[in-house]
Amino acid sequence: MSQHDRLLIIDFGSQVTQLIARRLRELSVYCEIHPFNRVDDAFLRSFAPRAVIFSGGPASVFAEGAPMPPESVFDLGVPILGICYGQQLMMHCLGGRVERGDGTAEFGRAHVSPTEERLDLLQGWFEAGREQVWMSHGDHVAALAPGFRVFGTSPGAPFAITADPARHFYAVQFHPEVHHTPGGAKLLGNFIRIAGFSGDWTMGAYRDEAIRKIRDQVGDGKVICGLSGGVDSSVAAVLIHEAIGDQLTCVFVDHGLLRQGEAEQVVTMFRDHYNIPLIHADESELFLTALEGVSDPERKRKIIGGLFIDVFQKHATEVGGARFLAQGTLYPDVIESVSFSGGPSVTIKSHHNVGGLPEKMGLKLVEPLRELFKDEVRALGRELGLPEAFIARHPFPGPGLAIRCPGEITRDKLAILRKADAIYIDQIRRHGLYNAIWQAFAAILPVRTVGVMGDGRTYDYALALRAVTSVDGMTADSYPFDHDFLSETATRIINEVPGINRVFYDVTSKPPGTIEME
């Protein structure tokens, strides 16, 4: 949004670069992440940042082709903060010296102690004598660039906090953006205060600006929106409808892989509550037939994605004269679509609604959420008046129950899974735990186990329960249910769902696992 003061985050490949943006957004600052190889002199002039942050990264400044910022960034006259590799870059580029790791590497928690000098970046720090931080570095700064002084040290990083206060250049070896650095948000808050940000990034302001942008882009044209029933596409639909009314038509593709009662809930809310024109495309038979005999998770996703495009295109023609396609694309999707190095990234999972559709249909994209993170989308939904029970729902994947049914998908297995999942979520709600959990679901495993019920032998499916806590979905820990809850839930599922005779609870964190099964 050009109306806001903007902070530029130059990405050098850190796995936690998104967290920098998240922390700044929480401080009501508008910022964007751009990979280093897309940031040149022309970009800097156009973007006109009020401040710049260099992210961390896995490279060494000594490596051939090491990621580097444009030299002109140091001549912008704005505050710059270098984090981890970003600190080493600043020293390397400005006349200091970086050395390869020689036993001084630090990984994990460390403690930084202050020097005698005061620094505006560290207001509120060191009140207890030292600060816990999160380190992850092999190379280290060995000599400071001219104008820099040291303001904090750790056992493995004698230059843990450095700065050239006259130019408002700051550099830290640790990661203030992660939760393992408890004072990190305060440090980032000091940085944006130094840079003079007004803190005008609010959902109320975003809503008004987004509505103006939608109206300017669309004019009197018709828009179709692929509605999944999830929070992202639903918030996008309500926002666009507020902007252009009945020029919007939503197409809800029911692929037969939704949770119990979900299709009815979506249709009721959008047709009856919001009076938004809606095409309910029940194509479950088509999808489930195509998935018969398929057990490879990536093939499942590809089949669902391909059919979704075909079905959406078929029903979208019913609208007639549509010139725009609305999508619930979020900012993490935008960031992750570009590798920081410009090369191919490892594909963990395909996303069913990314790629192919707009070009094939010849429509222009309307993506009003592409500058927002997930929690900001929920805040916007509240601003738009969507029901809290809907806004606070746990994330649900586009391929639906297909990826909670490892192995071959059958109609019988889906029916069993729907019932079991509904009981599990009901249990979580009954115990008042729903809002404490980022995401919870049941998955039917591709194995059968022997059991005993009513003096008879059973040979039924095993069910896995999953519940995780997370701040942003990038990392996650299993929720610590007590044994009584798990025992009660397992008993209900086995008693009430024919076809299940054994229940497991998945305690794997992310990483090494993912949140979903496939």
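Here is a short chat about a few spots in this predicted model.

Author: Since the model is predicted, local features need pLDDT of at least 70 and side-chain atom pairs count only at pLDDT 80 or more, while totals for chains, interfaces and linings use all residues. Residues are numbered from 1 along each chain as its sequence is written, and side-chain values use heavy atoms, with hydrogens and water left out.

Reader: Why is Asn275 called exposed?

Author: Exposed means over 50% relative accessible area, buried under 20%, and partly exposed in between (1.4 Å probe, protein chains only). Asn275 has 58% relative accessibility, so it counts as exposed. Asn275 also has a positive phi of about 55°, although it is not a glycine.

Reader: And what makes His168 partly exposed?

Author: His168 sits at 30% relative accessibility, so it counts as partly exposed. Its phi is positive too, near 55°.

Reader: Why is the stretch 85–94 called helix H3?

Author: Helices are DSSP runs of H or I with at least four residues, strands are runs of E with at least two, and both are numbered from the N terminus. H3 has ten residues, so it passes that cut-off.

Reader: What makes H3 mostly covered?

Author: Eight of its ten residues are buried, among them Tyr85, Leu89 and Leu94. Just after H3, Gly95 takes a positive phi of about 110°.

Reader: Which peptide bond joins Lys510 and Pro511?

Author: A cis one, with omega about -15°. The bond from Pro511 to Pro512 is cis as well, with omega near 15°. Pro511 is found in the segment after strand S20 (500–506).
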